Amino acid sequence: MSHRLAKLFHGRPRLQVGALLAGPVGWLVVGYLGSLALLLVASLWSVNAVSGELVKSLSFENFEVLFDEPVYRTIVGRTVLIAALVTITDAILAFPIAFYMAKVASRRTKAILVVAVLIPLWSSYLVKVLSWRNMLSGGGLIDWMLEPLGLSGPGYGNTAVWLVMSYLWLPYMILPIFAGLERIPNSLISASEDLGGKPFTTFRRVILPLAFPAVVAGSIFTFALTLGDYITPRLVSNNQFIGNVVFNNISNNLPFAAALALVPIVVMIGYLLVARKLGAFEHI
Amino acid sequence: MRTQHANTARTAWLIIGGLLAVMLLFAGCGSSDDDSSSSGNELQKIGKGEGQVNLISWAGYVEPEWTKPFEKKTGCKVNNKVAGTSDEMVQLMRSGEYDGVSASGNATARLVEGDDVDPVNVDLVPNYKTVFSDLKNQPYNTFDGKPYGIPHGRGANLLMWNSDSVTPAPKSWNVTLDPSTASEYKGKISQYDDPMSIAEAAVYLKAHNPDLGIEDPYELNDEQFEAAVQLMKEQRSLVGEYWSEAEKQISSFASGDSEVGTTWQYQYFALKGEGKPVAASPASQGFLPEEGATGWSDTWMISSEAEHPNCMYMWMDWIIEPEANAQVAEYFGEAPAQELACDKTANPNFCTEYHAEEPNFWKRVYYWKTPLADCGNGNEDCKDYNDWVQAWTSIKG
């Protein structure tokens with residue numbers, strides 16, 4: 001049997017590659033693209049109002065509701081805005097950390113820092129969000145720390161969501177930037193200095209352009225993760241994000257939930273197209 | 001570089017084309033799908049147990065204290081799945097993998113309409129005879145004159161407040177719903193995060209705005225619904241927290257982030273147990289604010305695709321057996337459905353405390369039921385459950 005198989009594959013490189021890739025590619029097509037296609041189809045169905053059963057005939061009713069009801073524009077706007085803010089915040093916080101890790105720190109410190117960045121990813125997402133919920137509560141840790149300054153914490157709301165998400169996704173921004181900066185040869189920085197470039201000029205004209213694709217790559221993570229999250233908004237605010245409305249509709253109006261779930265996909269496709277223009281995928 | 005780009009673009013178009021093809025294929029299959037599986041016949045005779053039964057229940061309804069004796073007596077092993085919301089229960093029942101569910105009134109009509117459950121032959125459930133008569137033949141458990149389930153127990157949604165900061169003790173829902181009174185507790189109000197909460201506004205309006213002519217808080221026409229939604233929208237800016245998990249509300253009341261709001265007995269007794277300063281409407285007011293309250297009355301229903309119908313019938317009889325029903329009622333903190341359970345409770349005053357035997361108390365409780373377009377009074381212009389869900393989304397904004 002095995003002999004015959006070996007004979008079959010011998011001297012047929014295309015067949016070899018095909019057999020090797022059939023599993024993973026099949027999985028990708030069925031598991032990812034197939035479910036995406038199902039989502040698209042489901043968004044065109046509707047439900048019977050009384051029994052909640054699916055009515056499998058095509059109509060654009062769900063999308064009409066989505067465009068006509070102002071509340072959904074508010075929710076989509078809020079979600080995209082917070083995602084953008086989280087991305088910008090993380091980029092600003094992550095760059096100096098990544099730069100220190102890649103260019104300044106000794107070998108030993110570098111290893112310690114990489115572990116320090118990774119450790120939060122080992123603990124449960126829920127534990128982290130619930131700890132933030134406690135810290136943000138009235139009279140909680142944040143209020144207590146700000147009290148001597150005559151300030152009070154932000155409480156629950158959009159600010160809290162922004163804070164918690166920025167915290168949660170920071171490692172996903174640091175790691176790509178760190179990898180990007182590591183690839184910049186030190187000789188380029190020295191050359192810039194030899195040519196009389198001041199530190200800021202070197203940063204602006206040499207480091208930033210070379211590291212920018214890495215920042216964009218990191219931003220894809222932070223942006224997409226914020227766009228899809230619904231547990232953080234639920235625990236530290238009363239505001240609805242796209243994910244919350246999808247969740248609320250999923251058991252009694254699946255087609256509408258599917259239509260709404262397409263919104264972040266469309267936003268993400270737009271984002272990826274812009275990211276490609278900015279050169280985020282050139283080194284992949 | 002150029003050619004590589006062109007290749008990528010071609011691959012992308014191929015994928016999109018493939019997706020469209022798959023989509024059309026599914027849509028084609030979908031439209032030819034129809035379901036005319038009208039079983040709708042109740043069991044005539046209980047046979048031998050099938051050895052197991054698969055249940056969907058609210059947390060606290062299926063616990064070892066009363067399932068172990070059941071398993072021992074009938075040989076039916078109990079497999080239980082706890083669901084968090086009525087919507088989830090309906091969805092799980094649609095899978096056809098379960099024999100029965102402890103459905104609240106906002107799920108029952110949907111299950112019946114979807115042919116997901118069968119009528120119950122109450123002659124095969126001996127303990128049914130001594131179930132409180134005001135729980136039988138109710139609009140949320142009886143359809144077309146046929147009983148579709150066995151009452152399990154009932155309770156009211158309470159008004160709870162922090163007894164240190166909310167004084168004098170409120171007598172009405174106005175502390176959470178009337179904008180002028182409620183604004184005193186801006187940011188401290190706790191509201192159940194569910195479309196059914198719109199009915200709380202309707203109960204309030206029924207008492208305070210008789211011009212609207214609200215009869216039933218779940219059967220609202222355009223004008224009545226609009227008024228209730230408006231009230232909830234005004235409440236929005238005053239709400240400190242919408243809660244969906246009981247634990248979330250407990251933590252906010254314990255930390256003082258919430259001071260007044262709708263709750264279930266479960267949270268109230270949990271906070272009491274932790275020694276927190278919380279209070280609910282006292283016995284002198286019949287445990288309810290003056291307008292009455294929304295509430296629930298849960299029903300065990302049997303799936304139309306039940307693989308273990310005999311065991312399910314045995315379970316439905318067991319759960320209203322006096323001793324088991326007393327256990328589950330005390331465990332969960334609700335009034336039992338079984339009259340004889342009141343003699344079996346560990347706390348001899350339990351039924352008095354929960355008003356189990358007072359029909360007049362329960363007349364002021366509006367049990368959850370599925371809002372339907374059919375108003376029940378001949379009109380067809382009421383808002384259905386999908387309208388309620390959409391409205392709830394716009395209330396929260």
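Which residue follows α15(B), and is its phi positive or negative? The residue after α15(B) is G397(B), with a positive phi near 70°.

The model is a predicted one, in which local features need pLDDT of at least 70, side-chain atom pairs count only at pLDDT 80 or more, and totals for chains, interfaces and linings use all residues. Residues are numbered from 1 along each chain as its sequence is written, while chains are lettered from A and ligands numbered from 1 in the order in which they are written.

Chain A contains 13 helices and 2 strands (DSSP runs numbered from the N terminus, H or I of at least four residues for helices and E of at least two for strands). The radius of gyration of chain A, at 24 Å, is well over the 19 Å given by the globule rule for 284 residues, so chain A is more spread out than a compact globule. The radius is taken over C-alpha atoms, and the rule is 2.2 Å times the number of residues to the power 0.38. Along the principal axes, the C-alpha atoms of chain A fill a box of roughly 75 × 70 × 35 Å.

In chain B, helix α15 spans residues 385-396 and reaches 17 Å from its first C-alpha to its last, close to the expected 16 Å (1.5 Å times one less than the number of residues). Buried residues of α15(B) include Y385(B), W388(B), W392(B) and I395(B). The cover over the buried residues of α15(B) includes α12 (242-249) of chain A, along with α7 (198-208), α8 (222-236) and β10 (239-243) of chain B. Contact here requires C-beta atoms, placed from the backbone, within 7 Å.

Strand β10(B) has 5 of its 5 residues buried, so β10(B) is largely enclosed by the rest of the structure. β10(B) belongs to an open, mixed sheet of 5 strands in the order β10-β9-β11-β8-β12 (chain B). β10 and β12 (278-280) of chain B are the edge strands, each pairing on one side only (pairing requires at least two DSSP bridges between two strands). β10(B) pairs in the parallel sense with β9 (residues 189-192) of chain B over 4 bridges, and W243(B) in β10(B) is the bridge partner of Y192(B). By contrast, β8 (residues 158-162) and β11 (residues 260-263) of chain B run antiparallel, joined by 4 bridges; G261(B) in β11(B) is the bridge partner of M160(B).

Definitions and conventions:
A residue is buried if 20 or more other C-beta atoms lie within 10 Å of its own, exposed if 12 or fewer, and partly exposed in between; C-beta atoms are placed from the backbone. Two residues are in contact if their C-beta atoms, placed from the backbone, lie within 7 Å.
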